[in-house]
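Have a look at the model first.

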Amino acid sequence: MKMKKIALPLLSIVLLGAGLTSCKDKKVETKVVVTDSIAWNFQSSHHVFYSLSEGKEITLADSATAKWDIGFNLATIILNSHASGPGQAGVIVKTGNYESATSAPTDGYSYDTTALQLAINSNPFSPNAWYVYDPVTHAFSPKAGQYFIVKTADGKYAKLEMISVIPVIDPGALYPKTLIYKFRYTYQSNGSVNFN
């Protein structure tokens, strides 16, 4: 009878220990991989603001906050920093294979210094522009083999690649009514610089 009384508590301790070990071995996933698109109204004078952490568009009412990371207006891309917003968003423009970027540097980021000196070059005549411009059709598309390492408005890290910019044109219209920006990104929610 004594043996039975000792065996049950001992078995409980062994099972509890095994359960705790399996919980300890589970990795908490903090990396978020997203492919998304947002639309910009061609008649708008405002940017469309996007939060990488929330994976959604941020309203114009919150444009003066650190709730957004990146903004789009025609061919111009802004970051929530310095001249463009109160956040600490910065960027490093990279050339190469997006998939091979496994980590983010902790320094070397460019910021939106002034309204005319943005971190991401949008001058259509510059060889450093983020897109290729067609002067005949006035269409533009992201440069192949180029991506961005982004420090977000709240100091986290992401890598982002523009996939396409698609004009939505009504039949007979001279200008598009909307531009659809399609992009993909990997965001590290725990502040790590690693994208793996």
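How many bridges pair β10 and β11, and in which sense? Eleven bridges link β10 and β11, and the pairing is antiparallel.

Before going further, some ground rules. This is a predicted model, where local features need pLDDT of at least 70, side-chain atom pairs count only at pLDDT 80 or more, and totals for chains, interfaces and linings use all residues. Residues are numbered from 1 along each chain as its sequence is written, and side-chain values use heavy atoms, with hydrogens and water left out.

**Overall make-up**

The protein chain has one helix and eleven strands (DSSP runs numbered from the N terminus: H or I with at least four residues for helices, E with at least two for strands). Along the sequence, the pattern reads α-β-β-β-β-β-β-β-β-β-β-β. Of the 196 residues, 36% count as buried, where buried means under 20% relative accessible area, exposed over 50%, and partly exposed in between, using a 1.4 Å probe and protein chains only. Among contacts between residues at least 6 apart in sequence, 56% join residues at least 24 apart; a contact here means heavy atoms within 4.5 Å.

**The five-stranded sheet**

Five strands make an open, antiparallel sheet in the order β1-β11-β10-β9-β6; strands pair if DSSP finds at least two bridges between them. At the edges sit β1 (31–41) and β6, each pairing on one side only. Neighbouring strands in this sheet are turned by 25° against each other on average, direction ignored (axes are lines fitted to C-alpha atoms, for helices over the stretch in contact, with angles from 0 to 180 degrees between N-to-C directions).

| Strand pair | Bridges | Example residue pair |
|---|---|---|
| β1 and β11 | eleven bridges | Asp36 and Phe183 |
| β10 and β11 | eleven bridges | Ala158 and Tyr187 |
| β6 and β9 | six bridges | Thr95 and Gln146 |
| β2 and β3 | three bridges | Tyr50 and Glu57 |

Strand β11 is mostly covered, with eight of its eleven residues buried. Thr178 belongs to this strand, which spans residues 178–188. Is Thr178 buried or exposed? Thr178 counts as buried because its relative accessibility is 17%. Leaving aside residues up to four places away in sequence, Thr178 touches Ala39, Trp40, Phe42, Ile166, Pro167 and Val168.

For contrast, take Gly108, in the loop between β6 (90–95) and β7. Its relative accessibility is 59%, so Gly108 counts as exposed. Gly108 lies 18 residues from Gly90 in sequence, and their C-alpha atoms are 8.9 Å apart in space.

**The four-stranded sheet**

Another open sheet has four strands in the order β3-β2-β4-β5, again with antiparallel pairing. Each of β3 (56–58) and β5 (76–79) has a single partner strand, so one side of each edge strand is left without a neighbour in the sheet. On average, neighbouring strands here are turned by 35° against each other, direction ignored. The β2 strand in this sheet covers residues 48–51.

**Pocket and cavity**

On a 1 Å grid over the protein atoms alone, a cavity is a set of points where a 1.4 Å probe fits but cannot get out, while a pocket is an open set with protein on both sides within 12 Å along at least five of seven lines; lining residues have an atom within 4 Å of a point. Grid points are joined across faces, edges and corners, and a volume is the space filled by probe spheres set on the points.

The largest pocket has a volume of about 370 Å³. Of its 17 lining residues, Phe42, Thr137, His138, Ala139 and Pro176 are the closest to the centre. Both β7 (131–133) and β10 (157–168) supply at least two lining residues. By type, the lining splits into 15 nonpolar, two polar and no charged residues (Ala, Val, Leu, Ile, Met, Phe, Trp, Tyr, Cys and Pro count as nonpolar, Asp, Glu, Lys and Arg as charged, and the others, Gly among them, as polar).
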